[in-house]
Amino acid sequence: MSDREIQDSVIRALADAPYRASPEWRGLALADPARLERFARFLARHFYHERLVHFFKYSRALARVTGRRPEAVLHSAGFDALLSTAVLGSRATARAVAALAVNHVRPADGAQPIPYLNDLLEYEQAMMVVEAGPRVWRDAGKGEGGRGKGAPPELVEGTVLLDLAYDLPTVLPKLLQPWTEVPQAAPLRVKLLIARSPHGRVTVARADAAVASVVELADGRKTLPELAREAGLRSEDLDATLAGLADLGAVRFATGS
């Protein structure tokens, strides 16, 4: 193995628990298994501490009311059990860690001291999961291909459309400002689209009926005329909606094999 191959294998072993337990890695005998496992678990706690503090910052701001900080789950038995299968940065592990945080913050007795808490936790969980997963680090110069040529649009994996019962966008900035009484959100049905660009930029936007229809119908098989008909949109309105969704990273255009 070259020095670069050795370095890549060690980094992968630190980040990828299944690989760390595999005969492929163990056969290389590049590091003491116990010391490597301790360091890998330290890195995992640090990695997900940063993400929980960032993506669950609104729940952290409410901790003086709920009495629960999301990052406390990093020292729980549930997180310890997760470490044996964790792959740092993967969407599956992000979903599992976020679920632990949600279950920790949400009151076990069902009582809701904050009416919009369920909406807030659903939003924070979605943000953490959408941000995770592979991304493009260098442009290959190929673009999406097919856009503007009638190629069928398809929803990008990981894109989330939330249907909330409270006007969450109006209360989020207030939670991070000084307050003595819990900021309130008006009961109002709100749809939020959360998408990530190939480079990892996460965007949140309010979704109107047209956007929601296109997101639900874009499967990579429907042609543009079919999609316009089923969504009840004019061709030019569909083009504008797709252009906006593509810029957010919510849809791409299928090009075939």
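## S197 and the loop between β3 and β4

S197 lies in the loop between β3 and β4 of this predicted model, where helices (H or I, at least four residues) and strands (E, at least two) are DSSP runs numbered from the N terminus. With a relative accessible area of 8%, S197 is buried, a class that means under 20% relative accessible area, whereas exposed means over 50% and partly exposed lies in between (1.4 Å probe, protein chains only). Leaving aside neighbours within four places in sequence, S197 is in contact with L248 and G249, contact being defined as heavy atoms within 4.5 Å.

Residues are numbered from 1 along each chain as its sequence is written, and side-chain values use heavy atoms, with hydrogens and water left out. Because the model is predicted, local features need pLDDT of at least 70 and side-chain atom pairs count only at pLDDT 80 or more, while totals for chains, interfaces and linings use all residues.

## The three-stranded sheet

β3 and β4 form a hairpin with five residues between them, and G200 in the turn has a positive phi of about 100 degrees. Strand β3 (residues 187–196) pairs with strand β4 (residues 202–206) in the antiparallel sense over five bridges; two strands are taken to pair if DSSP finds at least two bridges between them.

The open sheet consists of three strands in the order β2-β3-β4, with antiparallel pairing. Its edge strands are β2 (160–166) and β4, each of which pairs on one side only. Neighbouring strands of this sheet are turned by 25 degrees against each other on average, direction ignored. β2 and β3 pair in the antiparallel sense over six bridges, and Y166 stands opposite P187 in β3.

Helix α13 (residues 235–248) lies across β3 and β4 and runs at about 65 degrees to β3, where axes are lines fitted to C-alpha atoms, for helices over the stretch in contact, and angles run from 0 to 180 degrees between N-to-C directions.

## The α8 and α9 pair

α8 and helix α9 (residues 117–131) pack at an angle of about 160 degrees, with their axes 8 Å apart. The two helices, α8 and α9, are therefore roughly antiparallel to each other, given that angles under 35 degrees count as roughly parallel, over 145 as roughly antiparallel, 65 to 115 as roughly perpendicular and the rest as oblique. The contact is made by residues of α8 including R91, A94, V102 and V105, and by residues of α9 including L117, L121, M128 and V130.

S84 lies in the loop between α7 (77–82) and α8 (91–105), and at 47% relative accessibility S84 counts as partly exposed. Leaving aside neighbours within four places in sequence, S84 is in contact with A17, P18 and R41. A polar atom of the S84 side chain lies 3.1 Å from the backbone oxygen of A81. The C-alpha atoms of S84 and A108, which are 24 residues apart along the chain, are separated by 27 Å.

How values were computed:
Polar contact = N/O pair within 3.5 Å; in protein donor to acceptor, adjacent residues only side chain to side chain.
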